[in-house]
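Dear colleague,

Please find below the structure that I am passing on to you, with its sequence. My notes follow it.

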Amino acid sequence: MNLADWLVRTARLMPNAPALLHGARTVATYSEWADRAARIGRGLREAYGVAPGDRVALFMANSIDYLEVLYAIWFVGAVAVPINHKLHGREAAYIVSDSGARLVLVSGDERDAAAAFQNAATVLSVESGRYRELCRYEPLSAPHAQASDSLAWLFYTSGTTGSPKGVMLSVQNLQAMSFAYFVDVDEVRPEDAALYAAPMSHGAGLYNFMHVARGARHCVPESGGFDAAEILALAETVGSLSMFAAPTMVRRLIQQARAVGHSGDGIRTIVYGGGPMYVADIEAAVEQFGPRFVQIYGQGETPMTITALSRALVADRAHPRWRDRLGSVGVAQSCVDVRIAGPTGETLPPGETGEILVRGPSVMDGYWNRPDATAETLRDGWLWTGDMGAMDEDGFVTLKDRSKDVIISGGTNIYPREVEEVLLRHDAVHGASVIGRPSAEWGEDVVAFVVITADKSPSVDELDAFCREQIARFKRPKHYVFVSALPKNNYGKVLKTELRRQLDADACL
Ligand code: AMP
């Protein structure tokens with residue numbers, strides 16, 4: 001199967017259904033979208049020699065063109081390599097070269113990109129006349145016939161440690177992910193609209209499949225990104241929006257909604273994940289918007305598909321363990337096995353913390369040209385996620401931390417997230433990230449980087465007393481570093497490696 005077959009099928013079944021929206025304006029129906037993808041696909045083949053299996057990179061901002069280009073690439077049986085548009089040219093050049101991309105599609109000026117990529121690949125701007133020419137080619141009659149294990153998407157990890165690696169996702173990985181979405185996350189109806197408010201190069205882009213398969217609308221906001229006021233306006237004009245939102249986005253959206261008295265009408269589903277959602281934040285979100293939230297936990301290596309916390313579970317306040325469950329990432333999705341393992345791979349009993357392992361059809365085939373990293377990550381058919389967590393008797397998984405972020409003090413494991421959760425409950429704390437620092441006495445000490453809420457100035461003693469009230473003494477931070485912002489990567493994940501570097505450099509601590 002070819003992923004473009006879903007687009008062709010929907011275009012035949014509902015040719016006049018609105019498909020692509022720029023803000024509130026419909027710019028293409030399904031038949032127009034499929035037609036353009038088939039023409040651009042032929043253009044890529046004939047003008048740029050793109051053949052099945054070739055990699056084509058997209059170094060583009062969110063746009064309608066993004067969706068057209070993705071499907072054009074699949075039409076010819078080539079492999080999409082989405083690169084986060086906010087990456088530095090040098091970082092993008094690494095991905096272009098590592099993937100061996102033949103062609104890079106960019107938004108904006110071709111010359112800047114070509115200089116960054118040092119002519120390693122042909123660069124074509126979707127804003128250029130040469131790109132528009134591609135639409136004049138005769139449409140390909142059908143998507144290139146390919147086996148389901150063909151590579152479709154080469155997804156580069158965000159690289160919070162080391163260089164990014166290309167995760168090889170096949171057609172069937174993405175199919176399995178899409179089917180699981182319908183079972184575990186949400187149904188999709190033609191009147192719904194996927195809103196791309198987060199980078200399409202990452203998780204948000206993957207929502208296109210389910211919405212194409214069901215003939216729903218695809219809305220790219222005019223800002224091309226996350227703007228809380230714009231989203232609330234689109235909720236009213238476009239309606240029935242579904243979107244992926246990282247926890248920080250949910251927080252900002254709820255703040256805005258509170259400020260203007262918006263109760264979430266016109267938003268159907270907010271799928272959150274990609275990083276820890278603190279219980280206080282999701283409680284506030286449900287309070288404001290009601291049952292519109294579903295949590296997913298996944299990683300590039302098994303996209304969006306490890307566990308889910310359904311809409312009903314997120315909103316089930318009456319359940320005696322509602323809060324515990326809100327603090328979890330939910331239960332295994334229907335297409336995967338999930339277990340918690342000790343260092344030698346043995347399954348640990350409920351409640352014990354170990355590494356989270358996943359097996360199933362959504363799990364990647366391996367890392368591009370990295371047999372070493374593949375062998376380390378895929379062992380005996382299981383994906384070792386690098387995330388630490390525990391599973392309760394009912395199958396709910398609670399994430400602790402990345403295995404490398406766990407702090408070991410006095411021989412006891414301390415999970416930074418637990419300490420962060422406590423600090424964030426203090427009303428003077430706006431952001432917090434906790435790391436370990438080598439200590440001769442304890443092995444490691446807990447250090448908290450804290451961003452203070454504007455107009456507040458809590459003392460270290462006050463924060464310390466607050467922590468002592470809520471967690472074991474040995475877990476509380478021994479040192480506090482007050483910062484104006486936490487270093488984050490382009491996906492909004494806190495860079496603990498950067499915090500460690502800062503600590504090393506800071507002689508006074
Ligand atoms: P990426 O491959 O860049 O999508 O990052 C995946 C990582 O993000 C996972 O391995 C987790 O550490 C983290 N993550 C993803 N979803 C969640 C979630 N729902 N809660 C907490 N962390 C998450």
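This is a predicted model: local features need pLDDT of at least 70, side-chain atom pairs count only at pLDDT 80 or more; totals for chains, interfaces and linings use all residues.

Residues are numbered from 1 along each chain as its sequence is written, and side-chain values use heavy atoms, with hydrogens and water left out.

Domains. The domain assignment of the protein chain gives domain 1 (1-146) and domain 2 (407-505); such bounds come from an automatic or database domain assignment. Between the C-alpha centres of domain 1 and domain 2 there are 43 Å.

The second largest pocket. A pocket is an open set of points on a 1 Å grid over the protein atoms alone, with protein on both sides within 12 Å along at least five of seven lines; a cavity is a set of points where a 1.4 Å probe fits but cannot get out, and lining residues have an atom within 4 Å of a point. Grid points are joined across faces, edges and corners, and a volume is the space filled by probe spheres set on the points. The second largest pocket holds about 550 Å³ of space. Its lining has 24 residues, of which Asp 324, Gly 327, Thr 398, Lys 400 and Glu 418 are the closest to its centre. At least two lining residues come from each of α13 (322-326), β19 (382-391), β20 (397-402) and α15 (416-425), and α15 gives the most, with five. Helices (H or I, at least four residues) and strands (E, at least two) are DSSP runs, numbered from the N terminus. By class, the lining of this pocket has eight nonpolar, five polar and 11 charged residues. Here Ala, Val, Leu, Ile, Met, Phe, Trp, Tyr, Cys and Pro count as nonpolar, Asp, Glu, Lys and Arg as charged, and the others, Gly among them, as polar.

The cavity. One cavity of 30 Å³ or more is counted, and the largest cavity has a volume of about 40 Å³. Both β9 (193-195) and β11 (241-245) give two or more residues to its lining, with β11 giving the most, three. Seven residues of the lining of the largest cavity are nonpolar, one is polar and none is charged.

Selected residues. Ser 409, in strand β21 (residues 407-409), is buried, with a relative accessible area of 7%; buried means under 20%, exposed over 50% and partly exposed in between (1.4 Å probe, protein chains only). A polar atom of the Ser 409 side chain lies 2.7 Å from the backbone oxygen of Glu 444. Not counting residues up to four places away in sequence, Ser 409 touches Ile 414, Trp 442 and Glu 444, where contact means heavy atoms within 4.5 Å.

Glu 127 sits in the loop between β6 (122-125) and α6 (129-134) and is partly exposed, at 48% relative accessible area. A polar atom of its side chain lies 3.3 Å from the backbone nitrogen of Gly 108.

Ala 257, in helix α10 (residues 247-260), is buried, with a relative accessible area of 0%. Leaving aside neighbours within four places in sequence, Ala 257 is in contact with Leu 232, His 262, Gln 288 and Phe 289.

With kind regards

Methods. A polar contact is a pair of N or O atoms within 3.5 Å; within protein, one must be able to donate a hydrogen and the other to accept it, and residues adjacent in sequence count only if both atoms are side-chain atoms.
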